[in-house]
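Biologist: I am new to this structure and would be grateful for a guided reading. Could we begin once it is displayed?

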Amino acid sequence: TERLRVLSGIQPTAGSFHLGNYLGAVRQWVALQETHDAFYSVVDLHAITVPQDPAALREATRLAAAQLLGAGLDPERCTLFVQSQVPEHAQLAWVLNCVTGFGEAARMTQFKDKSARQGAESTTVGLFTYPVLQAADILLYHAREVPVGEDQRQHIELTRDLAVRFNGRFGETFTVPGAYILKDAAKIYDLQDPAVKMSKSASSAKGIVWLMDEPKTSAKKLRSAVTDTDTVIRYDPEAKPGVSNLLSIYSALTGIGVAEVEEKFAGRLYGALKTELAEVFAEWVTPFRDRTRQFLDDPAELDRLLARGAEKARAVAAPTLAKVMDRVGF
Ligand code: ADP
Ligand code: NA
């Protein structure tokens, strides 16, 4: 039986991915490559929708790819590629821009939030059409499912609308994808402010765990996480967001259910949970960092893997684009 095609992308991040990226996305990608026909992209075209330093972007893109491999993506089991190496993404995005309504794009809440924060003069048109490029990413591969977090639901809806509209106007061309909201994806919160999610743009230096930092540095951050003045280790995101965050990280990293983790720490103090969590994290992250470094230390091999991935991606993307070009009258 044929495996369901999925596609997911992640932006290159200077420094490294953070623990939220791993537990909320990358870890699920690794699992999905066993059950699905998975296409994964480091979406560097998306990364220039805000100002970038060219050398830093190039480095971040390689680092992202190395970390995905270090986390366990296997180029024999999935298609891993860098978006800018497959020119069909930008080409299809242009065509899709021309079937997207201005008002429709203007309703995207992520754009509204980001542009409000940046101000109109510092907001690029690229940021405005970001969701259209995302639609191109998905539609090029006839992906049936798109593993995303809840925050991406509106963009997947737009992708579906564009696919249906294009098919209606020009004839059956695209597969209409569904969102596949990651089930066991943990949502990770800022260690210092557990009311907000851990995020590269919003977290303070002590609130975020970078995967490529020295394990000692991250262990210290985990041990200094904000909890509450109560002493009971109980999963209760409303009343005890800090402790609950630590419990979900512990559970996600060990594969032990949250209820069982609660039991394990019954009658013990917060310090015990923090110390053990720091150990569990260090144990997981050490081999991850070593593997990631191996890929970074062998640039020729990394380039070879990415070129091969781009070739596999183009084998699907190019025929899709050719069909689109023909349909629209080129
Ligand atoms: P950031 O929020 O730090 O800018 P991105 O938006 O680039 O991170 O997210 C990349 C991926 O990681 C997305 O799939 C997103 O859903 C996931 N992700 C990001 N932050 C978290 C978090 N705190 N908890 C769970 N998943 C997260
Ligand atoms: Na984000």
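Modeller: This is a predicted model, in which local features need pLDDT of at least 70 and side-chain atom pairs pLDDT 80 or more, while totals for chains, interfaces and linings use all residues. Residues are numbered from 1 along each chain as written, chains are lettered from A and ligands numbered from 1 in written order, and side-chain values use heavy atoms, without hydrogens and water.

Biologist: Are the residues that point either way from strand 3 buried or exposed?

Modeller: In a regular strand the side chains alternate between the two faces of the sheet. In strand 3 (residues 79-82), Thr79 and Phe81 point one way, and Leu80 and Val82 the other. Strands here are DSSP runs of E, at least two residues long, numbered from the N terminus. With under 20% relative accessible area (1.4 Å probe, protein chains only) as the criterion, all four are buried.

Biologist: Which residue of strand 3 is the bridge partner of serine 41?

Modeller: Strand 2 (residues 37-42) runs parallel to strand 3, joined by 4 bridges; pairing requires at least two DSSP bridges. The partner of serine 41 is phenylalanine 81.

Biologist: Which polar side chain has an atom 2.7 Å from an oxygen atom of ligand 1?

Modeller: A polar contact is a pair of N or O atoms within 3.5 Å. For asparagine 21 the separation from a ligand 1 oxygen is 3.0 Å, and for lysine 197 it is 3.1 Å. The 2.7 Å separation belongs to histidine 18.

How values were computed. Polar contact = N/O pair within 3.5 Å; in protein donor to acceptor, adjacent residues only side chain to side chain. Buried < 20%, exposed > 50% of the residue type's maximum accessible area, 1.4 Å probe, protein only.
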